[in-house]
Amino acid sequence: MNKNKFTSISLQEEMQRSYLEYAMSVIIGRALPDARDGLKPVQRRILFAMYELGLTPDKPFRKCARVVGDVLGKYHPHGDQAVYDALVRLVQNFSTKYPILDGHGNFGSVDNDPPAAMRYTETRLAPIAYKGFLEEIGSETVTFSNNFDGSQKEPDVLPAQLPFLLLNGSSGIAVGMATNIPPHNLGEIVDGLIALLENKDVSNKKLSSIIKGPDFPTGGELIYGRAIEELYETGKGSITIRGIVNKEEINLGKGKHKKNALIITELPYQVSKAGWIEKLAELVNTGKINGISDIRDESDRDGMRIVIELKKDANVDLVISNLYKKTTLQTNFGGIFLALIKGKPVQLNLKQFLNNFIEFREETIRKRTNYFLKNTLDKLEILQGLSKATKDIKEVIKIIEDSENTAEAKSRLINKFSLSHKQANSVLEMPLKKLTTLEKNQIGNDIEKLQEKKNYFQKVLNERNLLLKLLIEELLILKKKYNVKRKT
């Protein structure tokens, strides 16, 4: 072998460079969500591929295998199971506070049962996802980049109308860093955003009184204390969640004595019900928890119901205390508010997160309004051209009749009526029905309406107060439509 073909490199430098590239790829392209739309790349690609497939909430469900195939082929050249796992999580109402996909079929359960294979399950966009993520994507609100092979364009971020990163939470382990953001209540988050919009110097304490704490899809109760305030002030902290335990007297049948029992109706977030029952049975059998005679799972489609029968002489409060102490009926959620801002991982507190979203939403509304204004000006230009032509239609017909070809007719119309190229084209393509009195009047009315629209859009762009008022109105509409009662 010819040694001249080889280059000597430092092993240390090469390892450093390669590892850094790998780390950055995991941080930016895989594990951490964007602070603006709250999505990781795979989630964004799933939503966009479904939008392109036309799987809107009013259309029939489509096989998940079809969606996964599109995501892999167009935007996400990784394993199909990775894409399907991400899709399943977006459907599960016990994993996601506001599921952004609707599903048909078996998508797993709170007992940690696996979902059915993608060839059996079906999905489509949920109403909140279509409205909250994709409604404004056609209004030039976001930038697009090439996909992995340059054959398609994919959005760099979706024009989110709500801070989904806080609403649905997110967890991800990158290289040397991790994020773990709990889900929150939509109504409280919207109220927090409005408080910030009305007074940008609102204190962390005031925000904490509006946004009382995380709101998990599985319910439970939060042990309220300094820990929640610390999480919201610093962006890092540990909060305690408990399951819900009720005392009940149960009747075991005719002629039998009533028995004391503990009924568990809610478990902490991400605790498997079947796993928890198994662990409790093990603790009872090894004598680590006393006073329990039987454990039954009576859960059905109406909700969770775990029945723990107590022995006659059992101390109820001691049993409850042991359940909290020795099982995951009480658990800690370690929160880290870490997300990508302009491609860099940044740890933010609650107020910074909300401000960052407001900034993004304001920019999106500006871009959307610019797009509407441009369309309005285009329509206005054409209608003004038609208006000029219909006022002297005999002259227009004479010019067209006397012209040898379309180019000459267009040129003569431009000179005679001071029209633009676009206006001259629209006059040449004008149908004869536009010459009726009714149609002429309609053109005048349409011009008036478009003038009003144009003035409104220009006002929104020039006056920030009006833009912020519009932002608040839109947030309140979304709150009214999608808010659900706090579960935690």
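# Reading helices and exposure

Modeller: Exposed means over 50%, buried means under 20%, and partly exposed lies in between (1.4 Å probe, protein chains only). This is a predicted model, where local features need pLDDT of at least 70 and side-chain atom pairs count only at pLDDT 80 or more, while totals for chains, interfaces and linings use all residues. Residues are numbered from 1 along each chain as its sequence is written, and side-chain values use heavy atoms, leaving out hydrogens and water.

Biologist: In which helix is Lys394 placed?

Modeller: Lys394 is in α13, residues 393–402. Helices (H or I, at least four residues) and strands (E, at least two) are DSSP runs, numbered from the N terminus. From Lys394 to Thr218 there are 176 residues along the chain, and their C-alpha atoms are separated by 74 Å.

Biologist: Is Gln43 buried or exposed?

Modeller: Gln43 is buried, with a relative accessible area of 15%. It sits in helix α2. Leaving aside residues up to four places away in sequence, Gln43 touches Gly38 and Leu90. Contact here means heavy atoms within 4.5 Å. Gln43 and Val484 are 441 residues apart in sequence, yet 23 Å apart in space, C-alpha to C-alpha.

Biologist: Which residues of helix α5 are buried?

Modeller: In α5 (residues 127–134), the buried ones are Ile128, Ala129, Gly132, Phe133 and Leu134. They cover an arc of only 155 degrees around the axis, so they lie on the same side of α5. The arc is that of the directions from the helix axis to the C-beta atoms.

Biologist: What covers the buried residues of α5?

Modeller: The cover includes helices α2 (41–52), α6 (164–168), α7 (186–198) and α17 (464–482), along with strand β3 (122–125).

Biologist: How do I read two packed helices?

Modeller: Use the angle between their axes and the distance between the axes. Axes are lines fitted to C-alpha atoms, for helices over the stretch in contact, with angles from 0 to 180 degrees between N-to-C directions. Take α7 and α12: their axes come within 10 Å and cross at roughly 75 degrees. That makes α7 roughly perpendicular to α12. Angles under 35 degrees count as roughly parallel, over 145 as roughly antiparallel, 65 to 115 as roughly perpendicular and the rest as oblique.

Biologist: Which residues of α7 and α12 meet?

Modeller: From α7 come Ile189, Gly192, Leu193, Leu196 and Leu197. From α12 come Lys351, Leu354, Asn355, Phe357 and Ile358.

Biologist: At what angle do α12 and α15 pack?

Modeller: Helix α12 (residues 350–391) and helix α15 (residues 421–428) pack at about 55 degrees, with axes 8 Å apart. So α12 is oblique to α15. On the α12 side, the contact uses Asp378, Glu381, Ile382, Gln384, Gly385, Leu386 and Ala389. On the α15 side, Lys422, Gln423, Ser426 and Val427 take part.

Biologist: What should I expect of phi?

Modeller: Most residues other than glycine have a negative phi. Gln270 is not a glycine, yet its phi is positive, about 65 degrees. Gln270 lies in the loop between β11 (258–266) and α10 (273–285). Gln270 is exposed, at 52% relative accessible area.

Biologist: Where is Lys342?

Modeller: Lys342 is in the loop between β15 (338–341) and β16 (344–347). Its phi is near 50 degrees, a positive value in a residue other than glycine. Lys342 counts as exposed, at 78% relative accessibility.
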